[in-house]
Amino acid sequence: MKLEGRHWIFLGLFAAVFIAMALNLGLDVAVSGDTQGMYEFIDTLSPGSTIIVSFDHEASALPEIRPLALAVLRHAFSRNVRVIGTALLAEGTGVGYRLMQQTAREFGKDYGSDWVYLGFKPQYIAAILSMGESFSRTYPEDYLGQVYSDLPLLNDINTYDDIAGVVSVADGSLTTHWIEYAGSRYNVKIAGAVTAAMITTYDPYLASGQMDAMVGGLRGAAEYEKLIKTGGGGERGMLAQTVSHLYVLALIVVGNLAYFLTRRKPKEGRG
Amino acid sequence: MQRRLPQIIAFVFGVVMFLQYFSTHPVARGINAAVLVDFWQIIFAFALIVGVITFVKTTTTGINRAADWPYRLISLAGVIVMPAFAIIWGIKAESPFMWVFENIQVPLQSTVFALLAFFVASASYRGFRARSIPAAVLLGAAFITVLSRSSLEAWYPAALDSFAEWVRDYPSMAARRAILIGIGLGSLTTSLRVILGIERTWLGKEAK
Amino acid sequence: MDWGTIIAGLLTLAILTFLYRDNPVYRVAESLLIGVAIGYFLVITWTNTLMDLLFIPLFTDGRLLLILPFVFGLLMFGRFHPATKSLSRLSMAVLIGSGAGVAIPVMLEARTIKQMSATVMPLLASSGMPNWSAIVVMIGVLTTLSYFYFSREHKGTLGHSARIGVYFLMIFFGTTFGYTVMSRMSTFIGRMEFLLTDFLRLTN
């Protein structure tokens, strides 16, 4: 087994994260303005109001999305906010139902009256726009095959006018479509629980007020867990994340030092 | 006619969907709902089925002569087994269909994505060089961003955190906003060109 | 430990073998992923869309108007034969035309006008001092937009502006790269947590 340079870098990352996880130490995180904003978005909802939580992500992002989604759902259920789950990506469908089922069970919430899962519709732009016309026409049945009109929670919900907002749990640009189509056309409040890689994508919408709140990444999940006073995947991953960040920063510094030193040597040789 | 009729259909649907945006009349709302739910969703679903059939066709073509035939067979098995499970046992939470999704697809897909962490680390050492001033600016922005999100607030001045946040909220956001505006204007003009029949690349090359 | 965890753990390790080099174990896992993912997607699309929105309303509830989108949907299969390939363009036309139609007002309002109006902020604070952040945003947006203006050569004032825009773009790319590093590390940490806690039982 012949190891090349890159393999040693891989092993270094593996070792750093392994040691951090084995130590299993908690790290206190300072809550950022974004996470505080998301917390207030949910916290100011009146009990009995309804939000949509849309699972607009792929299975690949689950390790990062899961702590975020759980934190938001726990907060919503603790405030007795009713939640309608949807998915605009096929893979989010199964994941979303499981996460909602898990958190609903923690808070003793009943399916049909406290939460409902409507499932997936392809062509997300059409789904977002058609919900503005009629939820029941877009989702004649829920994910479990029950007729829309048979679900008590949905009796007084038919368009975006009947909900307090949408939280898009996303690892890509689907939240953009919620903002541009639902937010712009139907004046729905939109919040995002997104992966860290997408944070800078949504900054202009947050700054312009088109997006009401955003929480991002594993760090965002840890901050949110701190605010709602629960543990979770975010908090558990903080030491490992810090160590991995330092590892990457060290690689950048060492790589650049090596580059500048080797760049100088040929010039000295010629002189 | 092969190109004219689709252009006419695109024009009609484009104009109808554009105009309904400005109307609250029940007829407009009804047409909007019909197009979005009945036409758009259903036709798109058939397009996805076409994609699946194309994949099966491509995978099975020449499978007995292909060197990678075991891998193709495994892929085909997956495509067949999942619908079979769904038909026999349904797709609800505790079904074999969801078991395969949760214990095979999700771990595989998230681990493939997790590989990127290693390649990012490798690229940080081998490729991320401050070769020029713009590259140094990029490097600097990345450095303070990663550092400020590392839960090490006690180890460096608070001003660094504030600065990193300011960089993200203002200069970085400004560039992203410019990109968004550019994309918005470009999408707007492309949509107009499609509706007016000026942009015809979506029709394909064959029929002239 | 249940079979699901064992299989998930083994498949996770199979994918990680790619870090050494491409190998048959990785390729088996990759092929399995492709097949299962496509099968999953097919089932979800069928049950959540075609059954709910087409077949049940058409054949059970008698909504005969759905025959029209049904026919357009079937025309998509025309792609599989050269003689009928052009029929699929009719279905594409519906999707492309409607998409373009809804995009125009949205792109104009949400992506262009609202973003432009958010850029125009007071450049002086209420105290009379310059609002440096607003000035930076204004300069950033204008210079970055000038960089993407390719109808004229980047010389003179436009050239200087574009060069400043490049620096703003580098700041954006650097910040995005930083957040992307975080995101990728988080995904890896999540898989490590599964391996160490659920699969190998080395940590709590």
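How do the residues of the lining of the second largest pocket divide into nonpolar, polar and charged? The count is 11 nonpolar, five polar and 11 charged (Ala, Val, Leu, Ile, Met, Phe, Trp, Tyr, Cys and Pro count as nonpolar, Asp, Glu, Lys and Arg as charged, and the others, Gly among them, as polar). This is a predicted model, in which local features need pLDDT of at least 70 and side-chain atom pairs count only at pLDDT 80 or more, while totals for chains, interfaces and linings use all residues. Residues are numbered from 1 along each chain as its sequence is written, chains are lettered from A and ligands numbered from 1 in the order in which they are written, and side-chain values use heavy atoms, with hydrogens and water left out.

The second largest pocket holds about 500 Å³ of space (a pocket is an open set of points on a 1 Å grid over the protein atoms alone, where a 1.4 Å probe fits, with protein on both sides within 12 Å along at least five of seven lines; lining residues have an atom within 4 Å of a point; a volume is the space filled by probe spheres set on the points, which are joined across faces, edges and corners). Of its 27 lining residues, G33(A), D34(A), E165(B), R168(B) and D169(B) lie nearest the centre. Helix α6(B) gives the most to this lining, with 10 residues (helices are DSSP runs of H or I, at least four residues, numbered from the N terminus).

The largest pocket has a volume of about 1000 Å³. Its lining comprises 38 residues, with L62(A), R66(A), R191(C), F194(C) and D198(C) nearest the centre, and divides into 16 nonpolar, 12 polar and 10 charged.

How values were computed
Helices (H or I, at least four residues) and strands (E, at least two) are DSSP runs, numbered from the N terminus.
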